[in-house]
Amino acid sequence: MSAEDYCELCDLPKSTCIHGQPPPPVVATPAPRATPVVRRTTPRAAAPAKPARSVPRKWTPPEAFQAEILAVLHEAGGVLEQDELYVELEARMEERLKDADREKTPEGELRWRLAARKARQALITQGVMTKGAPGVWALAERA
C-alpha cells in the first residue's frame with residue numbers, strides 16, 4: 001500500500017476509513033401516496049312530510065291568545081296594565097284553558113300567562129302592538 005492509500009486524519013486505509021469513502025448516494029424515494037378514498041353514496045329517499053299533530057297538546061299554544069289579547073285591548077281603548085289584562089284574558093279564555101295551563105312553569109309562572117306573553121311578543125314583532133312602558137300592554141297606533 002502506498003501513502004496515498006492511507007487517510008491523513010485517522011491513519012486507516014482509505015478503503016476502511018470514513019474520510020476516504022465518498023458518502024453513499026442519496027436515493028430519493030417518493031413518499032407513498034395515500035390511496036384516494038372513493039365514497040359511494042346511495043340516493044336517499046325524500047323525507048316524508050311531517051304528519052299533522054296526532055297527540056293533543058297539553059296546554060294552549062300562544063297563537064290562541066293573540067285574538068283575545070287584541071279584543072281585550074280594543075275594548076279597553078288600546079292600553080291596559082298587564083295585571084288587568086291577565087284578569088280579563090283569563091275570564092275570556094276560561095273554557096278553553098286546559099288543566100296544564102293552570103300549572104306553573106319551572107320559573108314559577110302560570111303556563112297560560114307565559115303563552116300570553118309569547119303571543120304579545122309575536123304581536124309586537126308583527127307591528128300590531130308596541131313594547132311601551134313596563135307592565136303596560138298597548139296596541140300600535142295605526143295611521
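Reader: Which residues are buried in H3?
Author: In this predicted model, the buried residues of H3 are Arg111, Trp112, Ala115, Ala116, Ala119, Arg120, Leu123 and Ile124.

Reader: And what covers the buried residues of H3?
Author: The cover includes H1, helix H2 (82–92), strand E2 (129–130) and strand E3 (136–139).

Reader: How do the axes of H1 and H3 cross?
Author: The axes of helix H1 (residues 63–75) and helix H3 (residues 111–126) come within 9 Å and cross at roughly 75 degrees. An angle from 65 to 115 degrees counts as roughly perpendicular, and H1 and H3 are therefore described in that way.

Reader: Which residues in H1 and H3 meet?
Author: From H1, Phe65, Gln66, Ile69 and Leu70 take part; they meet Trp112, Ala115, Ala116, Ala119, Arg120, Ala122, Leu123 and Gln126 in H3. The residues of this contact comprise nine nonpolar, two polar and one charged.

Reader: What span should H3 have?
Author: With 16 residues at 1.5 Å a residue, H3 should span 22 Å, and its end C-alpha atoms are 23 Å apart, which agrees.

Reader: What comes just after H3?
Author: Glycine 127 follows, with a positive phi of about 90 degrees.

Reader: Changing topic, in what order do the strands form the sheet?
Author: Three strands make an open sheet, ordered E1-E3-E2, with antiparallel pairing. Strand E1 (79–81) and E2 are the edge strands, each pairing on one side only.

Reader: Over how many bridges do E2 and E3 pair?
Author: E2 and E3 pair over two bridges in the antiparallel sense. Methionine 129 stands opposite leucine 139 in E3.

Reader: Where does H2 pack?
Author: H2 packs on the sheet, where it touches E1 and E3, and its direction makes about 95 degrees with that of E1.

Key. Residues numbered from 1 in each chain as written. Predicted model: local features only at pLDDT ≥ 70, side-chain atom pairs only at ≥ 80, totals over all residues. Heavy atoms only, no water. Axes fitted to C-alpha atoms, helices over the stretch in contact; angles between N-to-C directions. Helix = DSSP H or I, 4+ residues; strand = E, 2+ residues; numbered from the N terminus. Parallel < 35°, antiparallel > 145°, perpendicular 65-115°, else oblique. Contact = heavy atoms within 4.5 Å. Nonpolar A, V, L, I, M, F, W, Y, C, P; charged D, E, K, R; others polar. Expected span 1.5 Å × (residues − 1). Buried < 20%, exposed > 50% of the residue type's maximum accessible area, 1.4 Å probe, protein only. Pairing = 2+ DSSP bridges.
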